[in-house]
Amino acid sequence: MKKIITILLVLLCFPFNVMAVEDEIKVDLTSNATSSVMIENTTGEVLYNYNANKITSVASLTKMMSLIIAFEFIEQGGMTYDEVITVSKKAQDMGGTQLWLAEGDKITVKDLLKGIVMASANDAMYAIAERVAGTEEAFVALMNKKVKEMGLKNTNFKNCIGFDEKDHYSTAYDMALIARELITHEEIFSFSGVYEDYIRKGTANESWISNTNKLVKFYPGADGLKTGWTDEAGSCICATAMKNDLRLIVVSLGYEHNNVRNSETMDLLNYGFNQYKVNVLYKKGDVVSKEKLLKADEEEVKLIAQSDVLILQKKTEEEKKYTEEIKLDDVSYPIKKGTKLGTIYIKDGDKIINKSILVAEKDIDKMNIFKLFLTNLKNILTGN
């Protein structure tokens, strides 16, 4: 089932050399940070870069990787949001920002995640790490394994919380890629996009928490993602916002003051939304193609986009022609819903501008022997 389909598209011009353009016009919006970066989420295109690959401490932005491990564990069936966890002495003694959990306290996974994402609670993070991997050391090993899987060259973790420690480091750019991975777990937004909420609601230990990321309240379209502070890292933020299908991710590190950090982050987001837009070709879940099947109990399979397929455009660029190319994989039965069956590429000549995996819309079984016999007989009688 291998073939290539090419369709001509007429779309606005893509900003091929974003960094060169920025160097030319000398955009400087985060002068009070030690490093910062802005990327577009779907393509991963870098739209702004200020020392983005500078290796540094990243404080509680570390917890973004910790949350990836936690969400993966939940999605794999390792634990549920409603599961009740008993807090250990080590979790109680974490110090720093916390929910003030005590040894022996019982609290749901959902409330712990809420505390981690919204309040950056160290005790909650440690409790989740122990539940997932048994010990923090084992959990950190999972974090660094994920670092290698993602191909991050300038990141290494020594703890799950973000404490300053030798050989615990990352960069603004790597943190943006980690954020991009984190938001593939869409449940994160049910926590990161909320400004205030309660944990252990309806119990004697009910308490109110607010989001350390004030942009969620004050910047239109902001729905995440994480803040942090340590002596070495300074004040840090990873912010994400969406407007008109364009999702931007900003990471800024090393500020002295939170208010300056927030102000410059909003300026950078404004710059991104003012300069760029996206042309959405297919939304996540849209049917991209219908392909004929042989020896299956269905005549065709619908291929749906696993993620948005779009073109990132500078608003000032002229129209340009692109091609859409679909490469199909070999098929083996049974096909399960969500199985990868191909990839769609958006191209400018030989250059790939964007791509998305195409998956099966539903389960499809191999044709049974009796039905296969009848189909072959019909083909013989009709000359097909």
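Guide: Before we look at the model, note that contact means heavy atoms within 4.5 Å of each other, and that helices (H or I, at least four residues) and strands (E, at least two) are DSSP runs, numbered from the N terminus. The model is predicted, and local features need pLDDT of at least 70, side-chain atom pairs count only at pLDDT 80 or more, while totals for chains, interfaces and linings use all residues. Residues are numbered from 1 along each chain as its sequence is written, and side-chain values use heavy atoms, with hydrogens and water left out.

Visitor: How many helices and strands does the secondary structure of the chain come to?

Guide: The chain has 384 residues, of which 49% count as buried, where buried means under 20% relative accessible area, exposed means over 50% and partly exposed lies in between, using a 1.4 Å probe and protein chains only. Among the contacts with a separation of 6 or more, 65% are between residues 24 or more positions apart. The secondary structure comes to 11 helices and 17 strands.

Visitor: At what angle do helix 2 and helix 6 pack?

Guide: Two packed helices are described by the angle between their axes and the distance between the axes. Axes are lines fitted to C-alpha atoms, for helices over the stretch in contact, and angles run from 0 to 180 degrees between N-to-C directions. Helix 2 and helix 6 are therefore roughly perpendicular to each other, a label given to angles of 65 to 115 degrees, whereas under 35 is roughly parallel, over 145 roughly antiparallel and the rest oblique. Their axes are 9 Å apart, and the angle is about 95°.

Visitor: Which residues in helix 6 meet helix 2?

Guide: Helix 2 brings M65, S66, I68, I69 and E72 to this contact. The contact holds eight nonpolar, one polar and two charged residues, where Ala, Val, Leu, Ile, Met, Phe, Trp, Tyr, Cys and Pro are nonpolar, Asp, Glu, Lys and Arg are charged, and the others, Gly among them, are polar. On the side of helix 6, the residues are F139, L142, M143, K146, V147 and M150.

Visitor: How far apart are the axes of helix 5 and helix 6?

Guide: Helix 5 (residues 122-133) and helix 6 (residues 136-150) pack at an angle of about 85°. That makes helix 5 roughly perpendicular to helix 6. M125, Y126, A129, V132 and A133 in helix 5 meet E136, A138, F139 and L142 in helix 6, and the distance between the axes is 8 Å.

Visitor: Which elements do the buried residues of helix 7 pack against?

Guide: Helix 7 is mostly covered, with eight of its 11 residues buried. These buried residues are A172, D174, M175, A176, L177, I178, A179 and L182. They pack against strand 2, helix 2, helix 6, strand 8, strand 9 and strand 10.

Visitor: Which strand gives the most to the lining of the largest pocket?

Guide: A pocket is an open set of points on a 1 Å grid over the protein atoms alone, where a 1.4 Å probe fits, with protein on both sides within 12 Å along at least five of seven lines, and its lining residues have an atom within 4 Å of a point. There are 27 lining residues, and the closest to the centre of the largest pocket are N41, T42, R180, T184 and S307. The lining divides into eight nonpolar, nine polar and 10 charged residues. Six of its residues come from the strand that gives the most, strand 17.

Visitor: Is A59 buried or exposed?

Guide: A59 is found in the loop between strand 3 (46-50) and helix 2, and A59 has a positive phi of about 50° although it is not a glycine. T230 in strand 8 is in contact with A59 as well as with G162 and D164, leaving out residues up to four places away in sequence. With a relative accessibility of 1%, A59 is buried.

Visitor: Is N244 buried or exposed?

Guide: N244 sits in the loop between strand 9 and strand 10. Like A59, N244 has a positive phi of about 50° without being a glycine. Its relative accessible area is 73%, and N244 is therefore exposed.

Visitor: How far apart in space are M38 and T240, C-alpha to C-alpha?

Guide: M38 is found in strand 2, and at 0% relative accessibility M38 counts as buried. Beyond its neighbours within four places in sequence, M38 touches several residues, including Y48, V250 and L268. M38 and T240 are 202 residues apart in sequence, yet the distance between them in space, C-alpha to C-alpha, is 9.5 Å.
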